[in-house]
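Here are some notes on the model you sent. Please read them with the structure open.

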Amino acid sequence: MAFSGIAKTTGKLAVVVVAMFAFVFVVMVPLYNTLCQALGLNGKYSGKQYEVVQAKVDTTRTVKVQFVAVNAEGMPWQFQPMQASIDVHPGAVNTVEFYAKNVTDKDMVAQAVPSFVPAQAAQYFHKTECFCFRRQPLLAGADAKLPMQFIVDQALPAAITDIALSYTIFDVTAMDKADQAVTNR
Amino acid sequence: MSNQHVGEHHHGPAQGFTRWLYTTNHKDIGTLYLWFSFAMFILGGSFAMVIRAELFQPGMQLVRPEFFNQMTTMHGLVMVFGAIMPAFVGLANWMIPMMIGAPDMALPRMNNLSFWILPFAFAMLASTLLMDGGAPNFGWTFYAPLSTTYAPPSVTFFIFAVHIMGASSIMGSINIIATIINLRAPGMTYMKMPLFVWTWFITAFLLVAVMPVLAGAVTMMLMDIHFGTSFFSAAGGGDPVLFQHVFWFFGHPEVYILILPGFGVVSQIIPTFARKPLFGYASMVYATAAIAFLSFIVWAHHMYTVGMPVAGELFFMYATLLIAVPTGVKVFNWITTMFRGSMTFETPMLFAIAFICLFTVGGLSGVMLAMAPVDFQYQDTYFVVAHFHYTMVAGAIFSLTASVYYWLPKWCGRMYNETMGKTHFWISFVGFNLTFFPQHFVGLAGMPRRVPDYALQFADFNMMSSIGAFIYGSSQILFLFNVIRTIRAGKPISEPKVWDGAQGLEWTLPTPVPYHTFTTPPEVK
Amino acid sequence: MYLKAKRLYQLALGPVLLLLSLVATNAWATDALPWRRRFQTNLTVGATDIGKQIYDLHMFVFWICVVIAVIVFGVMFYTIYAHRKSRGSVAAHFHESTALEIAWTVVPFLICIVLAVPATSTLLAIYDTKNADLDVMITGYQWKWKYEYIDPQGNNVSFFSSLRTPQSEIYNEEAKGQDYLLDVDEPMYLPVNKKIRFLVTGNDVIHSWWVPELAVKRDAIPGFVNEAAAHPIKTGIYRGQCAELCGKDHGFMPIVVNVVSEDEYNTWLGKKKAEAVELKALMEKDFTVAELVERGKGVYDRTCVACHGANGEGGVGKAIAKSPIATGDLKGHLDIVVHGKPGTAMQAFAGQLSEVDLAAVVTYERNAFGNNMGDKATPIDVYKLKKGQ
């Protein structure tokens, strides 16, 4: 009796162990990403498709949007916003540009990662077009003006009067090569 | 009563090294675990001595900063995974079958395996010290990206070592759960189990739940480092903060894994020397279960400064404060157990009382640390270092030391030298407090942890701390000497009850405990 | 074999007394520091209202803990004294009391609530970063800080702030100064009585920007921006350190914040802006080797010495004395300093040092430590290299 009991207990516990290992990958990671997206944490908000309602520009409110550029370690590009901040009305479509220049003598690929302050602004900040949606290649010595088009939601809480948006630019040349090698295979 | 066990089919242990290599006897394996963990305690302790020697004075004297970081990392890893955890598994192996009236552990061959993979894990971990680029240098919490993109090449060996330790702990805890569920003697209901068994039962469930999470975390690191994934790298769409969440989801239950069996040990020792039954047995069990449950929902209190939304901060702060309630219940129960007892103060009792005092100090500083707004000033300072050494050293290590003095006479049928034991206690007690109490002060005054050098205003307290550490460290030599002397030349004893106030099945067995016990289960009324 | 207890105590006492006497003669610190700072045992009240609130909360929870400890230990020590066998105490047999057990579950719970209420309001105050008068972007680097004052017109002022304590003090070749390890080459300046918002991020690994007097500690996480605010109400020099293990020199990247009057702040900011203009002008100047070497030594001692050694003997980094790079092709030497060497600890200094400083440090390395190249790099060379020409 004891033996079959032991086998049963051991079997159940082994299932728990496997389940907890899987839990990390299939629950914790996606759940964390979902939570971050829902709350706009760490710039992760991708959000639902935003319906552009041009007519409903709320001209009674002005929100200051600041732009900040950060180079991650080992990223030698010049990278800066072309305007430090702009004042926008919720609902209006705005376009800003970032300037990037590959100052090295090698072709490189970059990825910009956004981050919002305050974090909850992320869910009210709709990018309709952004250089951060995809990796940006630049040939050696080349430069580019990278556009971003966005709308601040009319539903933005009144308490938020200014938003800072930072982009950190990473060198993903090696990662990009590896990915292409996989696709070409 | 005890004589019925003598004279049964006694084939003793095999001789020589193969006895230990092939053994499936719970007592042999327990002994192996205990000696191994003591060796690791000395190794991890010697790393701590290097740390304290460097911090003896301001300025860099003995080591370079990069080596200092390897020392803090290895000290933490070896003490947590090599010293405290295997030591409690060793005690569980020795005592649980004897306490519940079982002939052995439920899975003896797996028991052998779970021990014998440990030396390989730690040999691998220790060998990184000799590798190019040095040993892991990113702290025992190994936050990404310092432990991934910026790690030394030896990180891969570290990951495999952690995997093996994890496998060992998981097997060990499955074995313990299977033993407790299936092999209790007739009449030994759950609510009659000694508290040491109960705390281990709950600890084993915690281990089964969170060691796989640790395995998952290091696997993700491995994939980020070698297979191009980006779980923890912002460049590829990952997030370094995710690592901290996964790690502390493991890490917080882990710190209770390190302390709950210690609660169990103290709950055995205090009634023995107070000659009075444990006060509030049922509430002790419920409190342990409550602590274990709460440990799963407080992990982010280690991360108050990462920039969580304020709602998250508040949730984790409230949950963390709640832990004070069941922990308080335990402390009050122990003290009430002593109240109106008939106390004597042999070495195990001294360590157990010191445990209660110092663990309470650590618990109270824990309440302070739980307060999120104040933690903005405490986080990552020596105040935290002081706090967790009060719980881990005065908690886990003191309770382990107490249990060795308490059960060693039973195991080997020889009495340790009481004078030497008491001397060991007082040197340890003074050394420990001299080491860690001043660390509260430097922490509050603004000294960050994990720094190889510090500003001049921290010099005096750091020197005291180092002196305390050398005292505490060297007192362990006396401990080792006393244990070896006891085993080889201690005064022989033969009363089943080594301590006149002791209660429980293990004290019905002959002294020294025969190689096989309870081959026919005892009847528990 | 049986050691006498007395002899053991004596054995232990000797070294203890010897070591304690060392503390008493802790001479190097005594000279430099007032007694009060040497034996500071508590949190700072700080220079902000939030800091005061945190301090009060800290003292509140501390005194509650003290009261609990006094009661618990009081009962315990009484028990230890009174209920010992040697005093003839006979063990009672009670082992439970529902009322008592409920009481000591409920009372701690109530204490928790008493603690949680003020903690919540202070936390909400800490999280209020709205309506700041000034934004400063803080970026943690291995192992220095970069401060960028965000200007509404886009004329941001930015500079690096790194440890000023020389290696000779750290390695005990010289006496340690009063601000040992807590001094930087370029402190951060802030105006008093203004609300400042810090945007905190990391360049490489996670750091944590901590100034106890400002009651700000925020993790600097690469890829993400955190925010914190401070409203200093007292002028003064406030020192802090990195609070998250970030690699080799985690202990050597202090923070110094000078909180000054608004006038002084504006003067400083104006000077910083002028410096940027001046730097541009320097680019056009023709430097002699000697001028560059002199400037380069300063840069080297701040920036390179940690890895390459005070005499160019190497350490984490390669040796510079007689190295094939520093005695080889000038362009190659410049390239490695400006762009770094990927996959090694040698980082790209293009973004961290000005053109003049880069030219100076390269010239210095070629003409010091027994390297006698006699040639020089000019700011124009650096500028061209940076622009990829």
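The points below cover a chain contact, the nonpolar cores and some strand pairing.

1. This is a predicted model, and the points that follow should be read as such.

2. Chains A and B touch, with 27 residues from chain B and 27 residues from chain A in the contact. On the chain B side, the elements that give two or more residues are α6 (155–182), α7 (195–226) and α8 (240–274). Of these, α7(B) gives the most, with seven residues.

3. The side of chain B that touches chain A has 21 nonpolar residues, five polar residues and one charged residue.

4. The largest nonpolar core has 317 residues. Ala217(B) and Phe355(B) have the most contacts inside this core. Helix α3 of chain B, residues 65–100, gives the most to the core, with 22 residues.

5. Which residues does Ala217(B) touch, leaving aside those up to four places away in sequence? One is Val24(A), from chain A. The others are Phe243(B), Val246(B), Phe247(B) and Phe250(B), from chain B.

6. In chain C, strand β10 (residues 255–260) pairs with strand β4 (residues 188–191) in the parallel sense, over four bridges. Here Met188(C) stands opposite Val257(C) of β10(C).

7. Strand β9 of chain C, residues 236–242, also pairs with β10(C), but in the antiparallel sense and over five bridges. In this pairing, Gly240(C) has Ile255(C) of β10(C) as its bridge partner.

Methods
Residues are numbered from 1 along each chain as its sequence is written. Chains are lettered from A and ligands numbered from 1 in the order in which they are written. This is a predicted model: local features need pLDDT of at least 70, side-chain atom pairs count only at pLDDT 80 or more; totals for chains, interfaces and linings use all residues. Two residues are in contact if their C-beta atoms, placed from the backbone, lie within 7 Å. Ala, Val, Leu, Ile, Met, Phe, Trp, Tyr, Cys and Pro count as nonpolar, Asp, Glu, Lys and Arg as charged, and the others, Gly among them, as polar. A nonpolar core is a set of buried Ala, Val, Leu, Ile, Met, Phe, Trp, Tyr and Cys residues joined through C-beta atoms within 7 Å. A residue is buried if 20 or more other C-beta atoms lie within 10 Å of its own, exposed if 12 or fewer, and partly exposed in between; C-beta atoms are placed from the backbone. Two strands pair if DSSP finds at least two bridges between them.
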